[in-house]
Amino acid sequence: MEMDECLYYDRGKSYKLGIAGNCSDREEIMDQLKTGEVIYKRRRELELTQNQLAKLLNISFQAVSKWENGTAYPDIEMLPKLAAALHTTVDALLGYESVVTDYDKRYNTEEYYWGLTPNRICYDIMKILPPVKPYRVLDIGCGEGKDAVFFAKCGYAVTAFDISEQGIEKAKKLAEYNKAEVSFFKADLFDYRPEGEYDIIFSSGVLHFMQENRRKELCDSLKAHTADGGINAMNVFVKKPFIKRAPDSTRDESKRHPWYSGELFGYYHDWLFHICREEVFDCNSGGKPHKHCMDTLIAQKVGE
Ligand SMILES: C[S@@+](CC[C@H](N)C(=O)[O-])C[C@H]1O[C@@H](n2cnc3c(N)ncnc32)[C@H](O)[C@@H]1O
């Protein structure tokens with residue numbers, strides 16, 4: 001990831017300007033924010049040794065030790081990778097742990113905002129790769145976890161993340177209630193890139209938070225981290241001049257970047273398409289009827 005890219009996301013954080021300044025500014029800011037303490041705390045929570053974390057990052061354990069005792073600072077370019085290895089966000093590493101998203105507010109109720117019925121795309125995925133073995137699933141932007149828990153109950157090995165702390169907490173509760181095992185963690189799609197390989201990479205109703213100029217890079221990364229024969233299954237909101245903004249749109253929603261009709265299909269032109277559909281549908285989220293247009297793709301990586 002380019003440094004500029006990782007610093008200039010439109011997320012309205014004041015650290016953007018400070019860090020874009022010179023190195024001593026950056027070190028001062030990181031010092032104030034006690035990045036080393038955050039690294040230490042997260043590493044211990046994940047029960048990783050300094051050596052194990054160093055191996056994940058391809059660096060020496062001495063470097064990790066220096067970060068943790070505050071005598072050195074991770075390079076800017078290292079932050080997204082470090083955040084991913086520690087299952088956290090760059091915001092959290094920089095001390096912005098208490099960022100509350102609009103989704104946090106929506107999820108801060110007993111009820112499940114999106115209900116508990118799995119997305120129909122889950123059943124489409126199961127038809128293509130039924131759980132004859134524990135296929136590895138990654139659910140990007142899992143919300144309150146209904147789809148991730150459904151997959152786990154069906155026998156898949158599921159990893160799932162969302163930027164909403166509240167969502168992840170509810171997802172964990174749902175998994176516990178269903179006696180399902182899911183590796184849930186909080187992460188920001190902007191920082192996170194998969195480390196290993198997955199058989200199924202899935203994302204529903206999330207990728208419109210990604211700006212247009214970063215979407216090809218995202219899809220390329222997801223494709224590269226998909227095992228041969230594996231699938232990527234996602235849906236994206238699509239702009240149409242005749243569909244108005246949803247009435248329950250909130251501040252986060254105003255950061256939506258709907259995709260162009262067919263754009264998603266283009267990024268997967270070299271994969272086998274199982275489902276490639278565009279539809280306009282009615283929605284009642286927030287209790288107010290409105291419409292959306294959505295492109296859905298399930299594509300499979302097929303070797304030559
Ligand atoms: C429409 S909801 C979909 C939730 C879930 N996939 C589902 O279908 O129930 C969008 C989700 O994207 C998450 N999200 C938004 N921006 C994100 C980001 N930058 N990184 C990770 N998740 C994000 C929100 O917290 C929210 O849970």
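## Note on strand pairing and helix packing

1. In strand β7, His-292 is the bridge partner of Phe-281. The two strands involved, β6 and β7 (residues 290–300), run antiparallel and are joined by 11 bridges; strands are said to pair if DSSP finds at least two bridges between them. Strands (E, at least two residues) and helices (H or I, at least four residues) are DSSP runs, numbered from the N terminus.

2. Please keep in mind that this is a predicted model, in which local features need pLDDT of at least 70 and side-chain atom pairs count only at pLDDT 80 or more, while totals for chains, interfaces and linings use all residues. Residues are numbered from 1 along each chain as its sequence is written.

3. The open sheet has seven strands in the order β3-β2-β1-β4-β5-β7-β6, and its pairing is mixed. Because β3 and β6 (272–283) stand at the edges with a single partner strand each, one side of each is left without a neighbour in the sheet. Direction ignored, neighbouring strands of this sheet are turned by 10° against each other on average; angles are taken between N-to-C directions and run from 0 to 180 degrees, with axes being lines fitted to C-alpha atoms, for helices over the stretch in contact.

4. At one end of that order, β2 (residues 157–162) and β3 (residues 182–186) pair in the parallel sense over five bridges, and Ala-160 stands opposite Phe-184 in β3. Together with helix α12 (residues 165–177), β2 and β3 make a right-handed β-α-β unit, where right-handed says that, with the strands pointing away from the viewer, the path from the first strand over the helix to the second runs clockwise.

5. The axes of helix α11 (residues 146–154) and α12 come within 9 Å and cross at roughly 25°, and the two helices are therefore roughly parallel to each other (angles under 35 degrees count as roughly parallel, over 145 as roughly antiparallel, 65 to 115 as roughly perpendicular and the rest as oblique). Lys-146, Ala-148, Val-149 and Ala-152 in α11 meet Ala-171, Leu-174 and Ala-175 in α12, with contact counted if the C-beta atoms, placed from the backbone, lie within 7 Å.

Note on methods. Two residues are in contact if their C-beta atoms, placed from the backbone, lie within 7 Å.
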